[in-house]
Amino acid sequence: MTGNHEPLLQMRDITKTFPGCLAVDNVDFDLRCGEVHVLFGENGAGKTTLVNVLSGVYPADKGDIYISGKKVSLRNAHHAQSLGISAVHQEFSLIPELSIVANLFLGQELGSHGLLDKREMGERAVTFMKNLALSFDVDLNEKIAYLTLAERQIVEIAKAFMRDTRIMILDEPTSALAETEKLSLFKIVARLKEEGKGIIYISHVMDEITGIGDRVTILRDGKKIDVLENREDITEAHLIKSIVGERKREIYPELGTEITNKVLEVNNLSTKSGLKDITFDLRAGEILGIGGLPGSGKSNVGRALFGLDKITEGEIIMSGEKLPKHLTPSDSLKRGLIYSPADKLEGLALCRDIKENQSLPVLLEKFAVRGFIEKAREIEAVREQIEKLDIKPDDMNKELQYLSGGNQQKVIIARGFLKGATIFIFDEVTRGIDVGSKIGFFELINKLAKGGAAIIYISSEIPELLHLCHSVIVMYEFSIFKQEDHKELTREKLAHYLFALEGRALK
Ligand SMILES: Nc1ncnc2c1ncn2[C@@H]1O[C@H](COP(=O)(O)OP(=O)(O)OP(=O)(O)O)[C@@H](O)[C@H]1O
Ligand SMILES: [Mg+2]
C-alpha cells in the first residue's frame with residue numbers, strides 16, 4: 001500500500017536554534033500514512049534536529065506540529081511517545097548501566113503495586129526480540145555498556161518498535177548493521193507501511209533511499225530546499241546533485257600508479273581475537289582494501305596491527321623492523337601508524353579498554369580545550385584540517401558533543417592527518433558521512449597515497465572497495481579468503497567472495 005494522502009503529521013515553520021547556530025530554519029514537513037519519507041542532506045543540515053523536535057527531545061523555538069490534523073504541543077520525549085511517536089536515535093538513547101530488558105521497558109515498566117514484574121518483562125522481551133527477527137545472540141539481562149555498537153543499534157531499534165507507534169523515526173538506523181539485519185529492518189519497515197504507519201527515514205546510503213523512499217525532503221543549512229514527490233525522481237544522481245550541486249565530479253579519483261617500497265609485511269599472523277594465519281604486504285602509495293561481512297574479522301586486522309588485539313603467532317615487519325610481539329598502540333603510533341576505529345566515538349566515550357582510550361591521539365581533547373589556542377602552529381594545522389575536511393561548524397573550540405554525527409566523524413579523521421602518519425588504517429571511515437564529504441575523503445585518501453603514504457582501507461561498502469583500492473583482501477571467518485587486484489575485481493566477484501561462495505581460500 002502506498003500513502004493514502006491523509007496528513008498524519010504536519011510540521012509548520014519549525015525553527016530551532018542552538019547558541020550561535022540556526023539548526024532548523026522555518027521548515028515545513030509532512031508525513032502521510034503508509035509512506036516512508038526520507039530526510040536527506042549533508043552533515044549538519046538539520047535532519048536530526050528536526051526529528052528531535054518531533055520526538056520531544058527539545059522544544060522548537062517556533063512553529064506548530066499537527067498530528068492527524070490536531071495541533072499538539074510536545075512537552076517531552078515521554079509525551080511524544082504517548083502520542084505514538086517513536087524514534088531510533090542516531091545518538092543512541094540507551095542507558096549503559098541498565099540491562100537490555102530494563103532499557104526496552106524504560107518508561108513503560110510492567111508490574112503492580114509498585115513492584116516490577118521482572119520475570120514477565122524478561123519473557124516478553126525474549127519473545128519480542130525473537131519476533132523482530134534481527135539476529136541477536138545476547139542475554140537480555142546484560143548491561144548495555146557491554147554490548148558492541150551493532151548490538152546496541154539493534155536494541156535501540158527494538159526499543160522503538162516495542163512501543164505502539166503511529167510515526168516511526170529512523171535516524172541512520174543501519175549504520176552499524178550487517179547486511180542481513182538491514183534486510184530484516186526493511187521488512188519491518190514494509191510491515192509498518194502496510195499497517196498505515198508513517199516512517200521518517202534519515203540516511204546517507206543511496207541504495208537505502210532509492211530502495212525504500214516514497215518521498216524525499218532535502219535540507220541544506222537548516223532550510224528545506226526541495227521535496228522529491230515521486231519515486232521516479234528519487235535517483236542517486238538527483239540526490240548527489242542536491243548535495244554537491246552542479247559541480248561535475250567523479251566520485252572516485254583516479255588511482256595512483258607509483259607503488260614503491262614495502263612498508264608493512266604481515267606474516268602468518270594469528271591473534272587471541274581469532275585471526276588465523278594472516279599474510280600480506282603493504283607498499284608506499286598503495287591503498288589496500290579489506291572487506292568482509294561483519295564478524296569476518298576484517299576489523300580485527302586493523303586492531304591487531306595497531307596493537308589492540310593480542311598477537312599469538314606470526315610477525316609484523318614495519319619498514320624493515322620487526323615489531324615486538326606484545327605490540328601496544330603507542331609502539332604503532334611511534335612508528336607512524338594511525339588507526340581510525342569503526343566504533344569511533346563509542347570507543348572513546350565509554351569505558352572500554354583503558355589502553356585503547358588512552359592511546360588514541362588527542363585531537364578530540366584539543367578541539368574542546370581552550371588552552372590549545374596558545375599553540376599557534378597547531379591551531380594553524382587544525383584550521384587547515386577543518387577546511388580540508390569541511391568540518392562544520394568551523395569553530396575549533398566547539399565541544400564535540402555539539403557537532404552533528406557526521407562532523408564528529410570527520411574530527412576523528414582529522415586526527416590521523418594531523419599526526420602526519422605514514423601508514424593509515426581506516427575502518428568504516430565513511431559511515432554516516434554525507435556524499436559530498438565522502439567525495440572529499442576519497443580525494444584526500446587518494447592524495448595521501450599518491451604522496452607516499454600506505455593505506456589500509458577496511459570497509460563494508462562494496463563500491464568503495466572496488467573503486468578506491470588498488471587491491472582488496474576479503475576476510476571470511478577470521479582468515480584471508482581471497483586477495484585480488486582491482487583490475488581483476490568486479491562487483492559480482494566481490495559479493496561472492498564476501499560470502500565465500502567462489503574461489504579458493506588461500507590457505
Ligand atoms: N545540542 C546541540 N547544541 C548545539 N548545536 C547543535 C546541537 N545539535 C546540533 N547542533 C548543530 O545544529 C546543526 C544541525 O545538526 P544536526 O545534528 O541536526 O545535523 P544532521 O543533518 O543530522 O547531520 P548528520 O548527517 O551529520 O547527522 C549543526 O550545525 C550542529 O552542529
Ligand atoms: Mg544527524
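Because the model is predicted, local features are described only where pLDDT is at least 70 and side-chain atom pairs count only at pLDDT 80 or more, whereas totals for chains, interfaces and linings use all residues. Residues are numbered from 1 along each chain as its sequence is written, and chains are lettered from A and ligands numbered from 1 in the order in which they are written. Helices (H or I, at least four residues) and strands (E, at least two) are DSSP runs numbered from the N terminus, and two strands are said to pair if DSSP finds at least two bridges between them.

One open sheet consists of 4 strands in the order β2-β1-β4-β5, and its pairing is antiparallel. Strands β2 (21-32) and β5 (70-72) stand at the edges with a single partner strand each, so one side of each is left without a neighbour in the sheet. From one strand to the next the twist averages 25°, where angles run from 0 to 180 degrees between N-to-C directions and axes are lines fitted to C-alpha atoms, for helices over the stretch in contact. Strand β4 (residues 62-67) is joined to β5 by 3 bridges, the two strands running antiparallel, and Ile 65 has Val 72 of β5 as its bridge partner.

Another open sheet of 4 strands has the order β14-β13-β16-β17, again with antiparallel pairing. Here the edges are taken by β14 (278-283) and β17 (321-322), each of which has a single partner strand, so that one side of each is left without a neighbour in the sheet. Helix α9 (residues 298-306) packs on this sheet, where it touches β13, β14 and β16, and its direction makes about 110° with that of β13; contact between two residues requires that their C-beta atoms, placed from the backbone, lie within 7 Å. Within the sheet, β13 (residues 262-271) and β16 (residues 311-318) pair in the antiparallel sense over 6 bridges, and Val 266 has Ile 316 in β16 as its bridge partner. The loop between β16 and β17 holds Ser 319, which has a positive phi of about 45° although it is not a glycine. Ser 319 has 15 C-beta neighbours inside 10 Å and therefore counts as partly exposed; a residue is buried if 20 or more other C-beta atoms lie within 10 Å of its own, exposed if 12 or fewer, and partly exposed in between, with C-beta atoms placed from the backbone.

Two hairpins also contain a residue with positive phi. Strands β11 (residues 215-220) and β12 (residues 223-228) run antiparallel and are joined by 5 bridges, with Thr 217 opposite Val 227 in β12; in this hairpin, which has 2 residues between the strands, Asp 221 takes a positive phi near 45°. Strand β21 (residues 471-476) pairs with β22 (residues 479-485) in the antiparallel sense over 6 bridges, and in their hairpin, with 2 residues between the strands, Glu 477 takes a positive phi near 45°. Strand β21 is also joined by 4 bridges to β15 (residues 287-291), with which it runs parallel, and 5 of the 6 residues of β21 are buried.

Two packed helices are described by the angle between their axes and the distance between the axes. Helices α8 (residues 236-244) and α16 (residues 435-450) pack at an angle of about 80° with their axes 8 Å apart, and they are therefore roughly perpendicular to each other; angles under 35 degrees count as roughly parallel, over 145 as roughly antiparallel, 65 to 115 as roughly perpendicular and the rest as oblique. Their contact involves Ile 240, Ile 243 and Val 244 of α8 together with Val 435, Gly 436 and Ile 439 of α16, which divide into 5 nonpolar, 1 polar and no charged residues. In this classification Ala, Val, Leu, Ile, Met, Phe, Trp, Tyr, Cys and Pro count as nonpolar, Asp, Glu, Lys and Arg as charged, and the others, Gly among them, as polar. The axes of α4 (residues 118-132) and α5 (residues 149-162) come within 11 Å and cross at roughly 105°, and the contact of α4 with α5 has 6 nonpolar, no polar and no charged residues.

Helix α1 (residues 47-54) is mostly covered, with 8 of its 8 residues buried, and is followed by Gly 56, whose phi is positive, near 75°.
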